[in-house]
Amino acid sequence: MNKSLTAFVHKQVKEYRGDATYLLQVLRNIQFAYSHIPEQAIECLSAELKISLAKIRALIEFYSFLHYAPRGQYDIYISNSIIDHLSDKNEITHYLCEKLNVTLDKPSENGRVTVANTSCTGMSDQGPAALINGLPLTRLSRKRVDQIVEKIQTGVSVNEWPKTWFKVADNIQSKGLLLNAERQPGAAIKQALAGDAHDTLAEIDKSGLRGCGGAGFKTAAKWKSCLLSKAKERYVVCNADEGEPGTFKDRVLLNSYADLMIEGMTLCAYVIGAHKGIIYLRYEYQFLYQKLNEILQKRRSENLLGEHILGSELSFDIEIFMGAGSYVCGEESALLESLEGKRAIPRIRPPYPVTQGYLNKPTVVNNVETFCYAALIIEQGAENFSDQGLAGFTGCKLLSISGDVEKAGIYEIPLGSKIKHILNLCGAKSVQAVQVGGPSGSLITPSEFNRVVSFADLNTGGSFMVFNRSRDLLENALNFTHFFKHESCGFCTPCRVGTKLMSELADKVATGQGASLDLDSIKQLNHVMNEMSHCGLGRSAAVPLLQTLEKFPGCFVKRMTDKEYQPSFDVEKSIQRAINIVTLENDS
């Protein structure tokens, strides 16, 4: 029995007041402290929180950054997004593993270090990127890898490494209403308190603001639905779990515009009558946790959070809840499940979160960008926002632009902007395709560059990936397909099994063994997953392959056989290989 581990677990449980909904937070803290979740810790948690061992293990197995086996003193995750691949991610990963003498996904022989792939780390504008013990490493090169390896081999704690290694640039390339805003903490709250909550809601409604996370639901309608619920207790939740590959705008807002986001959350609380807010921060943004907590504390000291804000009847405070690695947490009901210390399995809707959300209480869930714009609207007026749009569209949008461009980074554009205008802004040349809205979004060809970014045409939560004519777009589709397989929550069979089968079919085509029946199988599988999957992930898993097949059929044709069916497993070759092995063993 490890007494210090028992004491650590007990301290964690006490810190969270023995509340089982904080189980995920406790497990994260144990993971960071011990580089894994020891069996003894699981048993202690089960006893103290009165939770079955099976439920705790299910949680550990669900989230990507929780582990049973020790990861070592240095836990390294390399971003495996397609954009990192464009920056020679594979070559850097191979070099790092070679220098450390480790195999990918396996701890080193001395147990000191583990190197593994992970999904997009939210730093596509400065890849290849990685995380080490939760801290970011950007623009990795052989020179930087050599420096990292030296620190690891000499046992230098990550806390003692040069701080410049962990610097993450904002890379703001084009500013608009939000990014140009002069931030005056409390200005929007003062403006709101000068009237009543109904005035604030009316101004948000007048602005035409819609959710900026991808769904595009009208913000005022969501807030009003929550307000009209009969429950006395309501919550405000900020979804800061931007896990869509190629998206990093919320990272920038959290780093440099957090006051505005918190202001927007406070305004929402004023409208709906909430007293508690939660920021759900993705694991990959662990490096922002302390900074955000300091901002929250500063606002409390200025009476912009807490009891009787600015001497009013409004009392509202916010805490930060850390994720543990799950793409599906981007879906609001899955995020709420995670907040309650459960596996992030999307709920069946209705009921919707505005009537039954966090702890079954009415809850508004909006993302970082939406809350920022809400604060600006109240401070500067609805028309100042609505007038930003082009060609009859309302408002503006932040794009995370990455890939084959001269100036990767954040661009604030008016809604209604044409794709060709955006490509000119970021210095994209010889463009073959643009992926708008992440893997499940739209693959755009040059003939479509007059289309516009808007809720009516090309909708996006922020991801905007550019690929020039040197890129093999089937490799993109392959990367996205494997991403969906990795991120499937596993709850429903159509998605759990379907994403695996889809990946196997994609691999078969990519290795030159694909036949026409395989393409038919992809389409049939897509139909089943569309009809039967529990949530949007399963319904989107085939989109990258099918869009690439439709718009760039040559990517498939050049790798296909002329047969109707080609088995991926060659029985005769496998038998001969076995005979050869036996022969060699007998000869020796």
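Biologist: How many cavities are there, and what makes a space a cavity?

Modeller: The count comes to 4 cavities of 30 Å³ or more. A space is called a cavity because a 1.4 Å probe fits at its points, on a 1 Å grid over the protein atoms alone, but cannot get out. The model is predicted, so local features need pLDDT of at least 70 and side-chain atom pairs pLDDT 80 or more, while totals for chains, interfaces and linings use all residues. Residues are numbered from 1 along each chain, and side-chain values use heavy atoms, without hydrogens and water.

Biologist: What is the volume of the largest cavity, and which residues are closest to its centre?

Modeller: The largest cavity holds about 120 Å³, a volume being the space filled by probe spheres set on the grid points. Of its 15 lining residues, those closest to the centre are Arg 282, Glu 284, Ser 326, Tyr 327 and Glu 487; a lining residue has an atom within 4 Å of a point.

Biologist: Which helix gives the most to this lining?

Modeller: Helix H18 (residues 473-487) does, with 3 residues; helices are DSSP runs of H or I with at least four residues, and strands are runs of E with at least two.

Biologist: Why are strands E8 and E9 said to stand at the edges of their sheet?

Modeller: The open sheet has 4 strands in the order E8-E7-E6-E9, with parallel pairing. E8 (317-322) and E9 (363-367) each have a single partner strand, so one side of each is left without a neighbour in the sheet.

Biologist: How do you know that E6 and E7 pair?

Modeller: Pairing requires at least two bridges found by DSSP. Strand E6 (residues 235-240) and strand E7 (residues 276-281) are joined over 6 bridges in the parallel sense, so they count as paired.

Methods. On a 1 Å grid over the protein atoms alone, a cavity is a set of points where a 1.4 Å probe fits but cannot get out, and a pocket is an open set with protein on both sides within 12 Å along at least five of seven lines; lining residues have an atom within 4 Å of a point.
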